[in-house]
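Subject: Structure handover

Hi,

Here is the structure I promised to pass on to you. Have a look at it first, and then read on for my notes on what turned up.

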Amino acid sequence: MGQGQVSAVDQGAQQFQANCSGCHGADGKGGDKGPAIATLPSIVARSDIELIKIVRDGTPAGMPSFEQLGDAKITAVVRYLRTLQGKTAVSNTDEMTGDAVAGRVLYFNKGQCSSCHMVNTAGVGQGGFIASDLTGYGAYHTAKAIRQAIVQPDTPLDPASRVVEVQTKTGQKLIGVVRSEDNFNLALQTEDGRYHFLMRSSLAEVNYKQYSLMPRDYGTRLTSKELDDLVSFLIVTSKNAPMEALPPRRTRHGNRTATSNK
């Protein structure tokens with residue numbers, strides 16, 4: 001490990017202890033005021049760019065903005081968090097056996113990955129909002145692990161990604177993923193990107209499925225070569241994405257709107 005890497009880890013640890021440990025615990029496994037960001041699947045699965053944005057901007061749930069730290073320190077915090085999560089950057093370029101250019105075409109066309117997943121290419125985020133941002137995914141997963149995640153997306157199933165079917169007392173049926181819920185309300189995002197804010201008293205039925213929105217037939221829909229191409233695209237995308245970059249400008253097909261059934 002080079003001196004620059006050691007300094008980055010030390011800086012991230014210092015900033016984490018000073019600004020994050022009070023709520024999330026010194027080990028990131030949660031405290032009285034914040035969740036376990038080192039072990040919570042929905043946090044671990046987020047891309048580096050998503051985490052940078054959260055630290056920079058804060059959250060509607062009450063986490064304050066740490067924009068005053070500056071880009072370099074925020075990035076260092078995210079890198080340190082990855083070590084708490086047990087993640088280390090992998091050098092998987094040598095494992096690539098596919099064509100990344102062909103993989104990009106698959107991502108945005110036949111594979112339809114962009115209908116759910118955002119990815120940052122050439123400084124611009126393209127894709128959907130309902131699933132995780134994959135810009136940095138290839139940096140922390142081996143080629144074998146990426147391929148397995150494509151052909152066996154629900155092994156294991158992340159509870160935050162599972163499909164939920166809702167039927168209101170007026171007969172409306174909705175299918176999507178839960179963004180937040182409590183004893184009285186439920187916020188559901190459907191595949192078209194729309195948010196539906198529902199009162200539980202207005203619901204006739206809520207069914208939690210044991211699978212995600214991600215297609216489960218990629219192993220047969222795509223050839224072995226196409227899978228290799230797609231994996232290579234994700235690896236190259238992560239390799240080329242600057243860690244210090246702020247969250248990208250994003251574009252997607254269709255509108256992202258919200259509805260309420262309150």
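Let me start with Ile150. Leaving aside residues up to four places away in sequence, Ile150 touches Met214, Pro215, Tyr218, Leu227, Leu230 and Val231. Please keep in mind throughout that this is a predicted model.

Ile150 also belongs to the largest nonpolar core, which has 16 residues. Together with Tyr107, Ile146, Leu222, Leu230, Val231 and Leu234, Ile150 is among the members that touch the most others in that core. Three helices each supply at least two of the core residues: H6 (100-108), H7 (143-151) and H9. The biggest contribution is from H9, which gives six residues. There is also a second, separate core, made of 15 residues, and its members include Ile52, Phe66, Val77 and Tyr80.

While you are looking at H9, which covers residues 224-240, find Glu226 within that helix. Its relative accessible area is 17%, and because the cut-off for buried is under 20%, Glu226 counts as buried. Apart from residues up to four places away in sequence, Glu226 touches Leu106, Lys110 and Arg221.

Next, the charged pairs. How many salt bridges does a search of the whole structure find? The search finds ten, and here are some that I looked at.

Arg82 and Asp48 meet through their side chains in a salt bridge, with 2.8 Å from N to O. This pair links distant parts of the chain, as Arg82 is in helix H5 (residues 71-84) and Asp48 is in helix H4 (residues 48-57), 34 residues apart. Are the two partners buried or exposed? Arg82 is buried at 2% relative accessible area, and Asp48 is buried as well, at 3%.

Glu181 and Arg200 form another salt bridge between their side chains, at 2.6 Å from N to O. Glu181 lies in strand E4 (residues 173-181), while Arg200 sits in the loop between strand E6 (195-199) and strand E7 (203-212), so this pair ties together parts that are 19 residues apart in sequence. Here Glu181 is partly exposed, with 40% relative accessibility, and Arg200 is partly exposed too, with 25%.

A further salt bridge joins Arg46 and Glu50, whose closest N and O atoms are 3.8 Å apart. Arg46 is partly exposed at 31% relative accessibility, whereas Glu50 is buried at 18%. Finally on this topic, a network of salt bridges links Lys53, Arg56 and Asp57.

One more helix is worth a look, namely H5, the one that holds Arg82. H5 has 14 residues, and the distance from its first C-alpha to its last is 20 Å, close to the 20 Å expected at 1.5 Å a residue. Its buried residues are Ile74, Thr75, Ala76, Val77, Val78, Tyr80, Leu81 and Arg82. Two of these, Val77 and Tyr80, are in the second core mentioned above. An α-helix has 3.6 residues a turn, so residues three or four places apart point the same way. Just after H5, Gly86 takes a positive phi of about 85°.

That is everything from my side for now. Happy browsing!

Best wishes

Conventions
Residues are numbered from 1 along each chain as its sequence is written. This is a predicted model: local features need pLDDT of at least 70, side-chain atom pairs count only at pLDDT 80 or more; totals for chains, interfaces and linings use all residues. Side-chain values use heavy atoms; hydrogens and water are left out. Helices (H or I, at least four residues) and strands (E, at least two) are DSSP runs, numbered from the N terminus. Buried means under 20% relative accessible area, exposed over 50%, partly exposed in between (1.4 Å probe, protein chains only). Contact means heavy atoms within 4.5 Å. A nonpolar core is a set of buried Ala, Val, Leu, Ile, Met, Phe, Trp, Tyr and Cys residues joined through side-chain atoms within 4.5 Å. A salt bridge is a side-chain nitrogen of Lys or Arg within 4 Å of a carboxyl oxygen of Asp or Glu. The expected span of a helix is 1.5 Å times one less than its number of residues.
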